[in-house]
Amino acid sequence: MPYPPSYDPALVVLSLVVATLAAYTTVTLISRIGEVEGRDAYRAWLTTSAMAMGVGI
Amino acid sequence: MHFVAMLAFSLPVPIQYDAPTTLASIGVAIVASLLGIALASRYRARRRMWVLGGGTLVGLGIAGMHYLGMAAMRMSAVTRYAPWLVALSVAIAVVAACAALRVAFSIADGRFSPTVAARLGPSLLLGGAISGMHYTGMWAATFLPADVPTAPAVWNLDPAVLGTAVGVAGLFLMALFLRADTLVREGVGVRRAEERFRRLLESAPDAVVICDGEGRIVLVNAQAERLTGYTRDELVGRTVERLVPDRYADGHRRHRAGYARQPRTRSMGSGLELALRRKDGRELPVEISLGPLETEEGLLISAAIRDVTERKQAEEALARSEAKYRDIVQNAAYGIARVSRDGRFLTVNPALVRMLGFDSAEELMEVDVARDVYADAEQWEEQWERLRSESRVDDAEIEWRKKDGTPIRVRMSARIVQAANGDSDVVETFVEDVTERRALEAQLRQSQKMEAVGQLTSGIAHDFNNVLSVILANAQLGPAFLGPGSEEVADVLEEIARAAQRGAEMVGQLLSLSRHADLRMRSVDLAHLVAGASPMLRLILPENVELRVSAEGPVHTVLADAGSVEQILLNLVNNARDAMPDGGVLHVDVDDARLDDAYRASHPCAGPGAYVCLSVSDSGVGMNEETQARIFEPFFTSKPRGVGTGLGLAMVYGLVRQHGGLVHVYSEPGRGTTFKLYFPVAETEAAVAEDDAPRAELRGGSETILLVEDDDALRSVGRRVLERYGYTVLTAADGLEALEVYRAERSGIDLVVSDSVMPGMGGVELYEALGGEGTAPRMLLMSGYREALARGGLAGAHPLPFLQKPWTIEDLLRGVRAVLDEE
């Protein structure tokens, strides 16, 4: 018999909020990427958005 | 998210997480995201393809993290997965991530504006990718109880700690990133605003200099650099007086302070000439408009500077050109005017005012053109008709009236121009007064006509007068041969003589036609006459001959026929003109003169007393002595065939002689010719008297006379008359024969009566052949030509007595007697 899994609804909601927030941050940063000038700034911006995504996941 | 979600998850057995695996799972997520997003942002050109690759990577990263995170679980259970659900979870992650990235990059590329609402869609998609994948993955998993030995606990992490830590760290990071985003966005906004302002400045057509309240320049555009010659760095930070010429600098500082107190947009120094000093010291005329700029750093003043050098130059050029044209109109020899349809002068130039005899332009502009200027108001209407149909009139000759009513003839050109207000027509007209010219032309035509008549008459006069002389002499001589009781025959002869006399008079009249009319001697002021004739003389002279008339007077009056003197003048000027084909100077002078004794000694016919001298002097080709000797001979001409008649100077001579005057010629080849005509000053006004001396009784004589005449009939009647009155008469048919007869008789001949114009040798030549003055016998010349023509050029040198043909018996006998009686 497998163990029956159980979920704490509040934390599930929190997980969804975290996911959405992370996604929002990532999307926001990506949408700004066109305004960034300079190669280094662009890389930093790219890394930051990727970090937001990675950490968010 | 994963660990927060795992915190919400629980199994009947406790769960621990293996730290290294957990960290690896986080690493996978980050690396995959990095690669995926980098890939997706790679090339704008093929964005769709790259986003698909990037999204797939991100999706796989999500899935990879999840299943690696699951593998980090340490519990008394084993995990089994339903394969199709695993596949579904991966698919959800990949598809949702792709979609989310697609939208996000569309925003980044500017295809949507980056509003919160726009970002919400891809955010939910991406969030859904994470959450959907996670819970589908959890759905795919079943946890079977198993006694799994607890792995060597390197680091077991408590789920509560892990979830809380990761969650808090994540939220903190998110907040940090979003804050960074806001800052960056604001920074970008400011930079863009500045950039826009700068572009605006650079694209402005004018040079712009912006300075602060203290007058220090803070910003200039490229046009300002070009205009001033300074570079941006040489201007920024310096006071704006660097661009102001020194003499204006103090005033500029004061005005600047004033402007800072009351800033508003306005042009600088209206009504003043503003100048800008360039780096090279050159000054440019400029126009400047000022505007205040309120900024956080305080008031800035922008000055837009426009170089108006070209405009100034254009204005000056325009003013100069206007002045030039005004000058032309004001000083034109032609009358120039604008006339309105209702007959008013709108503008007139001084020439027109003078032409019409008005005192001022204002006075002229009062008059009604149709009524007061046009002699015939209908012409005014006719001209308007023509102007309306053809819009211009060229070289129309019409009659105008001056202020005092004097008619003048004007030549006019006119054209319609549109009036400034456009509601009525205006005519621009050029007027030339041709009254004088037309009169002179008529005079010239008359002179030429008379010359032609004179030429014709002279041509027939000789022969015709011979015929008349024969008739006349025979008719007069006839009664002497009649016996008593032949009164009727005597009457008939007298009738014939009268008719012949009338014929002679007619010839005389015809001859005098060539001099306008019979000489009408009046008191004449020659200076006045010459001055009056000079315009006409100017007319017959070409441009390259300069006419200098010196006839101021006052000179003594002379008895003269004005028409004849004019004709003389015309002849001499004509000759002078022909003598100067390459131009030159022609002097016409009138002055009082007194012939000295020496002159009179060499010119015996010059009477004593005062003269008025009319001299005509040219700088032409001149004459040699041979030509000079013959110029007064009739039909002698040095001009090309068809140009001269050969009568001009002969007539001049004759006319002057008829006035009791003298002609003196001085000429040098290549230097020019001077004719001096001496007219005797009138003794009294009444000096017109003819010689009305009582007719002396006809006297004959016993001397021997040689009669030279080529006309046989005339010769024979002459001989008859002279023999009848007691003379011994020898005859010859021409000069050569006369010479032979004379040489044969020599001393026996007391008088030679000779025709002047004969074939072979004429009278004057005969006189010379006989030895001239002193040696030759006394001589009486006869001719049907006017005396002057008959005498020819040698007459001046040989003042031989003259008998005009046709002569009457009285004329012949008196003439012969007079010469014989001379001492």
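Among contacts (heavy atoms within 4.5 Å) in chain B between residues at least 6 apart in sequence, 65% link residues at least 24 apart. This is a predicted model, in which local features need pLDDT of at least 70, side-chain atom pairs count only at pLDDT 80 or more, and totals for chains, interfaces and linings use all residues. Residues are numbered from 1 along each chain as its sequence is written, chains are lettered from A in the order in which they are written, and side-chain values use heavy atoms, with hydrogens and water left out.

Chain B holds 26 helices and 29 strands; helices (H or I, at least four residues) and strands (E, at least two) are DSSP runs, numbered from the N terminus. Of the 823 residues in chain B, 44% are buried, with buried meaning under 20% relative accessible area, exposed over 50%, and partly exposed in between (1.4 Å probe, protein chains only).

Now to the place where the two chains meet. The size of an interface is often given as the accessible area lost when the parts come together. Here the area buried between chain A and chain B is about 4,700 Å², and carbon and sulfur atoms give 76% of that; buried area is the accessible area (1.4 Å probe) that two parts lose on being put together, summed over both. On the chain A side, Y3(A), Y24(A) and I57(A) lose the most area to chain B, together 17% of what that side buries.

| Item, chain A with chain B | Value |
|---|---|
| Residues from chain A in the contact | 46 residues |
| Residues from chain B in the contact | 57 residues |
| Salt bridges (side-chain nitrogen of Lys or Arg within 4 Å of a carboxyl oxygen of Asp or Glu) | zero salt bridges |

In chain A, the elements giving two or more residues to the side that touches chain B are β1 (6–7), α1 (9–32) and α2 (39–56). With 20 residues, α1(A) gives the most to that side.

Two strands pair if DSSP finds at least two bridges between them. In this pairing, S6(A) stands opposite S10(B) in β1(B).

A38(B) sits in helix α2 (residues 19–40) of chain B, and because its relative accessibility is 26%, A38(B) counts as partly exposed. Leaving aside residues up to four places away in sequence, A38(B) touches L46(A) and S33(B). A38(B) and W50(B) are twelve residues apart in sequence and 9.4 Å apart in space, C-alpha to C-alpha.
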